[in-house]
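Here's a quick walk through one model, strand pairing to begin with and charged pairs to finish. Have your viewer open as you read.

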Amino acid sequence: MKRLLLMILSAMLLLAAPVLAVEQVVIETNNGNFTVELDTEKAPLTVANFLAYVDTMHYDNTIFHRVIKDFMIQGGNFTADMTPQKTREPIKNEATNGLRNLRGTIAMARTGVVDSATSQFFINLKDNGFLDHRNTTVKGYGYTVFGKVVKGMPVVNKIGTSPTHTFKRFRDVPVDTVVILSIKRVTQQ
């Protein structure tokens, strides 16, 4: 009888629990595609900002302009000739959300100013704990993680081993351009 009661209670709790949409995007590149799941609960401002760029096709035909082997790949704002795209206003840094810069996570790039992230993002190729929030100083504030690669990590790894050079004034630019053909939403329930 107790077991039946527990099963009924469990079923009632499951039915009463809110159904959260899982936001995912597919990042299509000339090296293959990968899927990223976005954490709308822990990084709501960052995810909303990222999706605003996705929805306006800002990322289409931009490149992964910075690749550092065994560290990260960065993209989201430059075209192949290193022309920056116009961005929206910077957003609040949500690095205090408890998410860590682990292998396969996506985070916002920023300048030395804590709240300076706009459209650029990076994907961690290994655990990069030194990028996590440690304190409220500029150096210790960290970089906002807002999701993780859930499919296609071999594509990310392939991009991460791209030979690089200095192009114009930019270092760590892939010799063979890695183009983000598009980023599209894939909403699941």
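This is a predicted model: local features need pLDDT of at least 70, side-chain atom pairs count only at pLDDT 80 or more; totals for chains, interfaces and linings use all residues.

## Strand β4 and its neighbours

β4 and strand β6 (residues 121–124) run antiparallel to each other, paired over 4 bridges; pairing here takes at least two DSSP bridges between two strands. Within that pairing, Q74 sits opposite F122 in β6. Strands are DSSP E runs of at least two residues, helices are H or I runs of at least four, and both are numbered from the N terminus. Residues are numbered from 1 along each chain as its sequence is written, and side-chain values use heavy atoms, with hydrogens and water left out.

β4 also pairs with strand β3 (residues 62–68), again in the antiparallel sense and over 4 bridges. There, Q74 is the bridge partner of R66. β3 and β4 make a hairpin with 3 residues between them, and D70 in the turn has a positive phi of about 60 degrees. So are the faces of β4 buried or exposed? Both are covered: M72 and Q74 are buried on one side, I73 and G75 on the other. Buried means under 20% relative accessible area, exposed means over 50%, and partly exposed is in between (1.4 Å probe, protein chains only).

The largest nonpolar core has 31 residues, and F34, F50, F121, F146 and I183 touch the most other members. For the record, a nonpolar core is a set of buried Ala, Val, Leu, Ile, Met, Phe, Trp, Tyr and Cys residues joined through side-chain atoms within 4.5 Å. Helix α2 (residues 44–55) is the top contributor to the largest core, giving 5 residues.

Apart from that one lies another core of 8 residues, including F71, A107, F122 and V145.

## N101 in its loop

N101 is found in the loop between β4 (72–75) and β5 (105–108). It counts as buried because its relative accessibility is 1%. What does N101 touch, leaving out residues up to four places away in sequence? Its contacts (heavy atoms within 4.5 Å) are A107, F122, N124, K126, D127, N128, G129, L131, D132, Y143 and V145.

## Salt bridges

Side chains of opposite charge can pair when their charged atoms come close. The model holds 4 salt bridges, each one a side-chain nitrogen of Lys or Arg within 4 Å of a carboxyl oxygen of Asp or Glu. One of them joins E23 and R185 at 3.4 Å, N to O. E23 is in strand β1 (residues 22–29) and R185 in strand β10 (residues 179–188), so this pair ties together parts 162 residues apart in sequence. E23 is buried at 13% relative accessibility, while R185 is partly exposed at 36%.

R185 also meets D55, at 2.6 Å, N to O. That pair links strand β10 to helix α2, 130 residues apart. D55 is partly exposed, with a relative accessible area of 46%. Elsewhere, D132 and R100 meet in a salt bridge at 3.6 Å, N to O. D132 lies in the loop between β6 and β7 (145–151) and R100 in the loop between β4 and β5, so parts 32 residues apart in sequence are tied together. D132 is buried at 10%, and R100 is partly exposed at 48%. As for shared partners, E23, D55 and R185 are joined into one network of salt bridges.
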